[in-house]
Amino acid sequence: MNVPRAWAVEGGELRRHPAPVDTRLTSDTTTVRIRFAGVCGSDVAKLNHPWQGRLPEPWYPGHEIVGVDMGTGSWVAVDPLVPCRSCHYCDRGHVHLCPGLRRVGWDLPGGLADAVTVPRDNVVPLPHPRDPAYGVLADPIAVALHGVRCGLGAPLGRLGVIGGGVIGVCTAICAAEAGWDVHMLVREPSRSRQLTGVLDSPIRLHATDLPPCDVVVDAASGDSDAPLRQALSAVRDGGTVLVQNAYAPQVQLSVPLRDVFRRSITLRGSFSYCRANGHDDFRDAIDLLARAGDWAALMTRDRFPLGELPQGLAALRAEPRHRPFKVLLASDI
């Protein structure tokens, strides 16, 4: 049998290594044979651009994982959050704030690999969606669900989303299901054309500016503070700006804070997802995917063989009209 291999960044170089065996996982574990792995935008920011923050050494990326549980033979998705389960935050379900949190694809070996070993509790059975590859969207949908559930304290009203990427689309879908009047700012014409017809009619697309909104979600890419400045300009006085944007480490807010607080704007961050208030965001995301429509097909359409990660990353550097919505790696095993 061939030795399983995994993509890793070591010494600043991306190449395939023998898949590591992580001895830090002491709880009951299982091995998942990878079938599909999504390349998250947060990984692309580190793999396709100079990164000024810390990286594990070596780093085995990949936290959007669908495969077959080798113990049961069933299709599963992997919840990448491995909390301590005993701290103040874990007791309240806020596992994303656990100081001992480990994440598959960051602190622990990730899923851009032939196989990955994870705690058995982190393996979630997949129902029968139109395509099991949809399961790689469980993580971004969980991020969106968490933002809508835990980040928005305002009554239902008009909600703007800045960003036409995966997190932005998932946020718009989850917010519309919760009853918000959703407006998306999507500047790239080719992306807007892709989204027209696959999103439900209550979600309206805008090319240049949002109308005044009660809440604005910043779900754009984070190389500058331009999306957050746009969110602050679009939100009504007394409204809320929710930041789901994983800004690069060097980005700083360039607007006067006096203007933010004089307008009584609530500025909130929403990181990852949780298991609080009777919900489990990741498992609820799996349930949502069981009834996913054409938007899930669009976001899982562009697939590369597992060994062609560099080619997938190169495709994401192409001109916007030729750029994949999202890159998936697919195993041929």
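## Helix H6 and its cover

The buried residues of H6 are covered by elements that include strand S10 (158–162), strand S11 (181–185), strand S13 (213–218), S14, H7 and strand S15 (266–269). The model is predicted. H6 itself runs over residues 226–234. Its buried residues are Pro227, Leu228, Gln230, Ala231, Leu232 and Ala234.

## Helix H3

H3 covers residues 138–150. At 1.5 Å a residue, its 13 residues should span 18 Å. The end C-alpha atoms lie 17 Å apart, which agrees.

How many residues of H3 are buried? The count is 11 of 13, so the helix is mostly covered. The buried run comprises Ala138, Asp139, Pro140, Ile141, Ala142, Val143, Ala144, Leu145, His146, Gly147 and Val148. These residues pack against two strands, S4 (64–69) and S14 (235–243). They also pack against helices H4 (166–178), H8 (281–289) and H9 (294–299).

## Salt bridges

The whole structure holds 19 salt bridges. One of them joins the side chains of Asp281 and Arg149, at 2.8 Å from N to O. This pair links distant parts of the chain: Asp281 sits in helix H8 and Arg149 in helix H3, 132 residues apart. Asp281 is buried, at 1% relative accessible area. Arg149 is partly exposed, at 30%.

Arg204 and Asp181 also meet through their side chains, at 2.4 Å from N to O. Arg204 belongs to strand S12 (residues 204–206) and Asp181 to strand S11, so the bridge ties together parts 23 residues apart in sequence. Arg204 has a relative accessible area of 41% and is partly exposed. Asp181 is partly exposed too, with 24%.

A salt bridge at 3.0 Å, N to O, connects Arg236 and Asp214. It links strand S14, which holds Arg236, with strand S13, which holds Asp214; the two residues are 22 apart. Arg236 is partly exposed at 33% relative accessibility, and Asp214 is partly exposed at 28%. Elsewhere, Asp79, Arg275, Asp280 and Arg283 are linked in a network of salt bridges.

## Aromatic pairs

Three aromatic pairs turn up in a search of the whole structure. One of them is Trp59 with Trp106, in an edge-to-face arrangement.

Trp59 lies in the loop between helix H1 (41–47) and S4. Trp106 lies in the loop between strand S7 (102–103) and strand S8 (115–119). The pair links distant parts of the chain, 47 residues apart. Both tryptophans are buried.

## Loop residues

Ala133 is in the loop between strand S9 (123–125) and H3. Is it buried or exposed? Ala133 is buried, with a relative accessible area of 0%. Leaving aside neighbours within four places in sequence, Ala133 contacts Phe36, Thr300, Arg303 and Leu328.

Ser86 sits in the loop between strand S6 (81–82) and helix H2 (88–91). It counts as exposed because its relative accessibility is 58%, and the cut-off is over 50%. Ser86 and Asp294 are 208 residues apart in sequence and 40 Å apart in space, C-alpha to C-alpha.

## A nonpolar surface patch

Which residues form a nonpolar patch on the surface? They are Leu253, Leu257, Phe261 and Leu267, with about 360 Å² of accessible area together. Leu253 lies in the loop between S14 and helix H7 (257–262). At 31% relative accessible area, Leu253 is partly exposed.

Methods
Residues are numbered from 1 along each chain as its sequence is written. This is a predicted model: local features need pLDDT of at least 70, side-chain atom pairs count only at pLDDT 80 or more; totals for chains, interfaces and linings use all residues. Side-chain values use heavy atoms; hydrogens and water are left out. Helices (H or I, at least four residues) and strands (E, at least two) are DSSP runs, numbered from the N terminus. The expected span of a helix is 1.5 Å times one less than its number of residues. Buried means under 20% relative accessible area, exposed over 50%, partly exposed in between (1.4 Å probe, protein chains only). Contact means heavy atoms within 4.5 Å. Patches are made of residues with over 30% relative accessible area and no salt bridge: like charges are joined within 9 Å, nonpolar side chains (Val, Leu, Ile, Met, Phe, Trp, Tyr) within 5 Å. Accessible areas come from the Shrake-Rupley method with a 1.4 Å probe; for residues, only the protein chains shown count as cover. A salt bridge is a side-chain nitrogen of Lys or Arg within 4 Å of a carboxyl oxygen of Asp or Glu. Rings of Phe, Tyr and Trp (its six-membered ring) pair if their centres lie within 6.5 Å; planes under 30 degrees apart count as stacked, over 60 as edge-to-face and the rest as tilted.
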